Amino acid sequence: MIQCRFSTRLSGLFVVLICCALSPASVLSLVNAAGCVSDEMTREEAAALLKSHEEFSTPQTVTLNTGTIYSKLSDLERYQPKYAAFKSMGLVELTSVKIESRDKDPSKSIEGTRVSLTEKGLVESKSWNQSRENEWSITIATKELIAVIKIHKDGEGRLHGIEFSWRWAPNKTGEGLKFTPPAERAYARLAPQEKGWRIVNITPVGIAYPG
């Protein structure tokens with residue numbers, strides 16, 4: 001049964017009376033024209049709607065800087081372990097260098113690190129996004145829908161949201177970086193539109209614990 005929403009009960013009764021006198025095809029046309037949507041949604045339909053949202057097309061990325069970095073090698077590997085991970089994957093080489101002061105005073109020189117792409121890194125970088133010189137944005141994971149937990153309705157049976165669980169699915173680079181965050185729960189608030197439903201916003205609910 002198609003449930004229609006109108007500003008007043010009188011308007012709803014008026015449309016029902018008209019629909020009774022029309023053919024099924026005419027009724028469907030009138031309903032669509034009036035902007036009515038069904039408050040019934042399957043989990044498959046909910047999943048398809050979620051996956052079509054822009055948040056599911058936005059990947060997780062990490063920034064890699066090449067060239068000279070003003071941090072000694074031991075500090076770089078300790079406080080920014082992604083560089084050590086990229087090195088272990090054979091994508092970069094890390095070399096200790098001396099950085100001279102502007103006035104060329106040897107006593108003011110500091111220790112830095114030169115980050116350079118290996119041959120393998122140069123090949124892999126063809127699929128990276130180079131934001132600027134010596135700066136790369138690298139995709140390491142994409143969002144993956146785990147399950148539609150519940151399709152929420154209000155006390156009058158009107159659809160208003162979808163509760164679901166999702167996780168970051170790391171690619172090969174993400175696995176190398178040991179990017180394995182826990183699965184999360186979220187709530188997608190819905191609003192009717194001319195043909196079906198649209199997601200107004202998605203709000204985090206918390207960590208999706210197993211079971």
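**Core.** I started with the largest nonpolar core of this predicted model. I count 42 residues in that core. Met41, Leu50, Leu64, Phe86, Ile162 and Phe164 have the most contacts inside it. E6 gives the largest share of this core, seven residues.

**Phe164.** I listed what Phe164 touches, leaving out residues up to four places away in sequence. Among them are Leu50, Phe56, Leu145, Ala147, Val148 and Ile149. The list also includes Glu184, Arg185, Tyr187 and Ile202.

**Aromatic pairs.** I searched the whole structure and got four aromatic pairs. Phe56 sits in the loop between helix H3 (43-51) and strand E1 (60-65), and Phe164 in strand E7 (residues 159-170), so the pair ties together parts 108 residues apart in sequence. Phe56 and Phe164 are both buried.

Next I took Trp166 and Trp168. Their ring centres lie 5.5 Å apart with the planes at 80°, so this pair is edge-to-face. Trp166 is buried at 9% relative accessible area. Trp168 has 14% relative accessibility and counts as buried, because the cut-off is under 20%. I also note one aromatic cluster formed by Trp166, Trp168 and Phe179.

I then checked the second largest pocket, with a volume of about 200 Å³. Of its 14 lining residues, Leu91, Glu124, Trp128, Lys172 and Thr173 are the closest to its centre. Helix H6 (119-124), strand E6 (135-153) and helix H7 (172-176) each supply at least two lining residues. By class I read four nonpolar, seven polar and three charged residues in the lining.

Technical notes. Residues numbered from 1 in each chain as written. Predicted model: local features only at pLDDT ≥ 70, side-chain atom pairs only at ≥ 80, totals over all residues. Heavy atoms only, no water. 1 Å grid on protein atoms, 1.4 Å probe; cavity = no way out; pocket = protein on both sides within 12 Å on 5 of 7 lines; lining within 4 Å. Points joined across faces, edges and corners; volume = space filled by probe spheres on them. Helix = DSSP H or I, 4+ residues; strand = E, 2+ residues; numbered from the N terminus. Nonpolar A, V, L, I, M, F, W, Y, C, P; charged D, E, K, R; others polar. Core = buried A, V, L, I, M, F, W, Y, C linked by side-chain atoms within 4.5 Å. Buried < 20%, exposed > 50% of the residue type's maximum accessible area, 1.4 Å probe, protein only. Contact = heavy atoms within 4.5 Å. Phe/Tyr/Trp six-rings, centres within 6.5 Å; stacked < 30°, edge-to-face > 60°.
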